[in-house]
Amino acid sequence: MRDLIIIIVIVGLIISGSYFTYKYYEDIKNEFNDKLTEMSKELENNSFDEQKINDLENVWLSNEGTLIIFQSHDLVGDIEENLYECFHYYKNMKKEDFDLEKQKVISGLDDLIKRERLSIVNIL
């Protein structure tokens, strides 16, 4: 009976931990998607706000350490590289290039989410 309780607790911890990390990554992706979409709309209107870059960079820096702990450094580095490319194109008012890099950032974050989704492949 004790063994069954221990197994249930361990499985419960795995499932709840997976759920919370999945939601954490989902929230990060949504926040970046919203901010980058807002920046893209500003480029359509030929406007520029340096503060948006600073705000998004602060969000990235506050979450980067957590992402590096749980994910591959190369994957997080690729997302960071694409994000800074977004900043470059935003400063230079190049909407098409900005949108392309934005999609790379979002797809990188989607890949993080897929890695954390609880499935048989991830458990084994």
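User: Is glutamate 64 buried or exposed?

Analyst: This is a predicted model, and glutamate 64 lies in helix α2, residues 50-70. Its relative accessibility is 15%. Because buried means under 20% relative accessible area, glutamate 64 counts as buried.

User: Which residues does glutamate 64 touch, not counting residues up to four places away in sequence?

Analyst: Contact here means heavy atoms within 4.5 Å. With residues up to four places away in sequence not counted, glutamate 64 touches Val76 and Glu80.

User: Where is tyrosine 84 found, and what is its relative accessible area?

Analyst: Tyrosine 84 is found in helix α3, which covers residues 73-91. Leaving aside neighbours within four places in sequence, tyrosine 84 is in contact with Glu57, Trp60 and Leu61. The residue is partly exposed, with a relative accessible area of 30%.

User: How are the axes of α3 and helix α4 arranged, roughly parallel or roughly antiparallel?

Analyst: The axes of α3 and α4 (residues 95-116) come within 8 Å and cross at roughly 155°. Angles over 145 degrees count as roughly antiparallel, and the crossing is left-handed. The angle therefore makes α3, relative to α4, roughly antiparallel.

User: How many nonpolar, polar and charged residues does the contact of α3 with α4 have?

Analyst: On the α3 side the residues include Leu75, Ile79 and Leu83. They meet residues of α4, among them Phe98, Val105 and Leu109. By class, the contact has ten nonpolar, two polar and seven charged residues.

Conventions:
Residues are numbered from 1 along each chain as its sequence is written. This is a predicted model: local features need pLDDT of at least 70, side-chain atom pairs count only at pLDDT 80 or more; totals for chains, interfaces and linings use all residues. Side-chain values use heavy atoms; hydrogens and water are left out. Helices (H or I, at least four residues) and strands (E, at least two) are DSSP runs, numbered from the N terminus. Buried means under 20% relative accessible area, exposed over 50%, partly exposed in between (1.4 Å probe, protein chains only). Axes are lines fitted to C-alpha atoms, for helices over the stretch in contact, and angles run from 0 to 180 degrees between N-to-C directions. Angles under 35 degrees count as roughly parallel, over 145 as roughly antiparallel, 65 to 115 as roughly perpendicular and the rest as oblique. A crossing is left-handed if the near helix is turned anticlockwise from the far one by less than a right angle, and right-handed if clockwise. Ala, Val, Leu, Ile, Met, Phe, Trp, Tyr, Cys and Pro count as nonpolar, Asp, Glu, Lys and Arg as charged, and the others, Gly among them, as polar.
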